[in-house]
Amino acid sequence: MLEVESVGKDYAGVVAVAEVSFGVEPAESVGVVGPNGSGKTTLLNIISGFARPDRGRIVLGGREVTGRPAWTLSGLGVARTFQLPQMPARMSVLEVVLAGARQPVSASPLGGLVRLRRSRAELAGAVERADGLLERVGLRRLRDDPAASLSGGQQKLLNLVAALIGDPRLLLLDEPTAGVSPPLRKVLVGVLEEVRAKGTAIVTVEHDMAFVSEVCERVVVLDGGSVIARCAPSELHLDEQVVEAYLGKRRADRGTRSEVG
């Protein structure tokens, strides 16, 4: 589904991402982890079209999409969430979800009666799907509330619903558990399991290693913009480079498994 081939990105001469390569199969969930400043979000921005790589290639379903903008990749089935979603002040929860539809809901009065009927059917179908997704994450009762009035954790789930309404082939998550309460986190895990069951590939940038262990089959570990390990989540504590990257050499020498994974 996704191939990241020797991707690199520099900012003002500073290497943010250096020759990163990995792949993701359909229905596979891969975590991208590493200490702060390791290049995780920059890599996610490159994959999702919010940043253009200086080197390397991005291939989606066998089709090269390197440097394509985010709106083009959205049309090809790529959706993402953000670490700190910012909700429009004047849009309701339902409107935010409908805005995330990959195929826009057309409602132009210029298309005649046939087009108008089709537009109404499209809108009704989109609203029904949005209501179902909002119900799944416990937000349907708030569908008419201003999206900006939701709590931080609720906004995270709304961001996810807006990404899912278009049935993405590839879902990219940027720290989905940050600010999310334990009950909402449990909902999030269940939703991602359902998404994978439908064949969607998932790439998750996350610091919560317990969450990574729950939802990811494999992890790619970055440090200083470079890949230092590729392994199962349960093997993270066995890699000396990974332990040192997270804890520093002195503490790594003491070998504390619980702090890494």
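Me: What makes H2 stand out in the lining of the largest pocket?

Reply: In this predicted model, H2 gives four residues to that lining, the largest share. The elements giving two or more residues are helix H2 (70–75), strand E6 (78–80), helix H3 (93–99) and helix H5 (152–164). The pocket has a volume of about 560 Å³, and among its 26 lining residues, Arg80, Phe82, Gly100, Ala162 and Ala163 lie nearest the centre.

Me: How do the lining residues of the largest pocket divide into nonpolar, polar and charged?

Reply: They divide into 17 nonpolar, seven polar and two charged. Gly100 belongs to this lining, and Gly counts as polar here.

Me: What lines the second largest pocket?

Reply: Its lining has 13 residues, with Arg129, Leu133, Leu164, Val195 and Lys198 nearest the centre. Helix H4 (112–136), H5 and helix H6 (182–197) each give two or more residues. The lining holds seven nonpolar, one polar and five charged residues. Lys and Arg count as charged, so Arg129 and Lys198 are among those five.

Me: How do you know that the span of H6 agrees with its number of residues?

Reply: At 1.5 Å a residue, its 16 residues should span 22 Å, and the end C-alpha atoms are 23 Å apart, so the two agree.

Me: What follows H6?

Reply: Glycine 199 does, and its phi is positive, near 100 degrees.

How values were computed
Residues are numbered from 1 along each chain as its sequence is written. This is a predicted model: local features need pLDDT of at least 70, side-chain atom pairs count only at pLDDT 80 or more; totals for chains, interfaces and linings use all residues. Side-chain values use heavy atoms; hydrogens and water are left out. On a 1 Å grid over the protein atoms alone, a cavity is a set of points where a 1.4 Å probe fits but cannot get out, and a pocket is an open set with protein on both sides within 12 Å along at least five of seven lines; lining residues have an atom within 4 Å of a point. Grid points are joined across faces, edges and corners, and a volume is the space filled by probe spheres set on the points. The expected span of a helix is 1.5 Å times one less than its number of residues.
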